[in-house]
Amino acid sequence: MVRAIVGANWGDEGKGKITDMLGEQSDIIVRFQGGSNAGHTIINDYGKFALHLLPSGVFYDHTTCIIGNGVALNIPYLQKEIDDIVSKGVPKPHILVSDRAQILMPYHIDFDAYEEERLGGKAFGSTKSGIAPFYSDKYAKIGFQVSELFDEDVLKEKVARVTQQKNIMLEHMYHKPLIDPQELLETLHEYRDIVEPYVCDTSLYISNALKEGKTVLLEGQLGTLKDPDFGIYPMVTSSSTLAAYGAIGAGIPPYEIKDIITVVKAYSSAVGAGEFVSEIFGEEADELRRRGGDGGEFGATTGRPRRMGWFDAVASRYGVRMQGATEVALTVLDVLGYLDEIPVCVGYEIDGEVTKDFPVTAKLKKAKPVYETLPGWKEEIRGITKYEDLPENCRKYIEFIEKELGVPITMVSNGPGRHEIIHR
Ligand code: GDP
């Protein structure tokens with residue numbers, strides 16, 4: 001059985017916690033897209049961790065964690081994350097890396113930074129992890145596949161060919177230091193030695209595991225609104241964030257994905273530039289940011305303050321629809337306990353007309369939020385374990401959101417810890 005955990009919003013919905021929780025019941029956990037650009041925050045018995053590249057299942061000794069072919073594989077980062085968790089007392093995880101995954105090269109990180117610098121005020125707000133240059137090269141067919149590390153002739157020829165192209169850009173467009181092909185080849189030899197113990201035909205591995213009745217968890221990064229096709233293009237990420245892509249990025253048939261748990265945040269937050277209709281500012285935003293998440297809403301990778309907003313039913317309904325959500329996990333509800341009233345964005349006004357359907361970016365730029373205000377519950381809800389025990393106004397808020405989404409909310413998260421979850 002394959003189950004996916006994905007985000008409906010801009011990311012940071014709390015997928016890490018839900019994955020960590022459900023990882024306990026899984027045999028295999030797979031990252032299928034993205035790279036080390038976003039992060040999950042996980043709090044468990046070993047401590048508090050910010051994972052960027054490793055799947056959340058690394059804390060269990062019964063799980064196999066897979067970096068799928070769809071991922072941007074930053075090899076030194078992989079090593080660093082493994083060393084980091086092991087140094088904090090976590091048993092060495094069982095990790096497999098797809099032989100078809102492509103390698104995030106040192107120059108991808110440089111090009112990411114150089115391009116943001118060149119764009120100046122028009123920059124994308126990239127995390128400068130090299131993700132956009134990586135996926136550009138993958139589709140331009142000048143990327144390096146893990147398997148190629150083990151074929152010296154192929155590797156040498158490709159390093160020479162790709163370096164030539166990159167150096168033209170470095171010299172004439174960015175006026176930056178050039179790449180030395182010999183040095184790059186040596187770096188790739190180091191990468192090969194690091195990654196060798198983990199390399200595997202992971203698609204075949206998962207296929208065999210499914211035949212044996214094993215449980216597989218696909219772990220998404222970011223959310224629907226950052227998808228290159230269905231998100232707020234061009235302020236999106238460079239690989240698909242949708243559950244559907246899980247089939248490709250993990251190398252499994254699409255019909256194997258039976259359950260799509262879509263994580264929805266009880267309010268909105270976003271990192272980086274881009275359309276965000278229900279965004280709030282000033283003191284109102286500062287207070288929500290301060291109280292949000294676990295110790296404030298700041299990026300897990302960059303530490304940047306997140307942009308804040310009220311729950312957006314238009315974006316979230318679209319978010320769960322594009323994911324194909326079979327169930328919803330509503331997170332960080334506890335954070336809203338301080339508010340007398342809670343505004344919820346239920347429509348967008350565009351050129352004088354109100355719509356409930358999430359539009360393309362050009363129209364989104366003109367959208368103004370239409371709010372409905374719900375009464376707050378003014379109570380601490382952490383520690384509550386039964387749905388019936390939640391304050392009435394809190395249940396009303398959940399049920400309002402559920403109606404707007406049109407998908408059952410099966411889990412309500414009322415705290416950052418692994419067991420702080422209410423099943424409905
Ligand atoms: P992800 O990328 O979707 O995994 O999201 P992040 O982990 O970056 O952001 C979620 C943040 O909220 C983390 O700091 C979590 O520890 C925290 N968090 C998750 N669920 C809850 C919750 O129900 N309540 C509170 N207060 N914090 C939560």
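## Contacts of the ligand

A polar contact is a pair of N or O atoms within 3.5 Å; within protein, one must be able to donate a hydrogen and the other to accept it, and residues adjacent in sequence count only if both atoms are side-chain atoms. On these terms, a polar side-chain atom of D12 is placed 3.4 Å from an oxygen atom of the ligand, a polar backbone atom of E13 is 3.1 Å from a ligand oxygen, and an N or O atom in the side chain of S413 is 2.5 Å from an oxygen atom of the ligand. The ligand taken alone exposes 580 Å², of which the protein buries 97%, with accessible areas from the Shrake-Rupley method and a 1.4 Å probe (for residues, only the protein chains shown count as cover).

The model is predicted, so that local features need pLDDT of at least 70 and side-chain atom pairs count only at pLDDT 80 or more, while totals for chains, interfaces and linings use all residues. Residues are numbered from 1 along each chain as its sequence is written, and side-chain values use heavy atoms, with hydrogens and water left out.

## The shell around the ligand

The shell holds 19 residues, of which K15, G16, H40, D334 and S413 come nearest; a residue is counted as near if one of its heavy atoms lies within 4 Å of the molecule or strand in question. By class there are 3 nonpolar, 9 polar and 7 charged residues, where Ala, Val, Leu, Ile, Met, Phe, Trp, Tyr, Cys and Pro count as nonpolar, Asp, Glu, Lys and Arg as charged, and the others, Gly among them, as polar.

Both α1 (15-23) and β3 (40-44) supply at least two residues of this shell, and α1 gives the most, with 3 residues. Helices (H or I, at least four residues) and strands (E, at least two) are DSSP runs, numbered from the N terminus.

A pocket is found on a 1 Å grid over the protein atoms alone, as an open set of points where a 1.4 Å probe fits, with protein on both sides within 12 Å along at least five of seven lines; lining residues have an atom within 4 Å of a point. The ligand sits in the second largest pocket, in the sense that more than half of its atoms lie within 2 Å of the grid points. That pocket has a volume of about 590 Å³, and G14, T41, G293, D294 and R306 lie nearest its centre among the 37 residues of the lining.

The largest pocket has a volume of about 960 Å³. Its lining numbers 41 residues, with D112, S126, A132, V236 and S238 closest to the centre.

## Backbone geometry

The peptide bond from Y233 to P234 is cis, with omega near 10°, and P234 lies in the loop between β10 (216-219) and α8 (243-250). K141, in the loop between α4 and α5, has a positive phi near 65°.

Conventions: Points joined across faces, edges and corners; volume = space filled by probe spheres on them.
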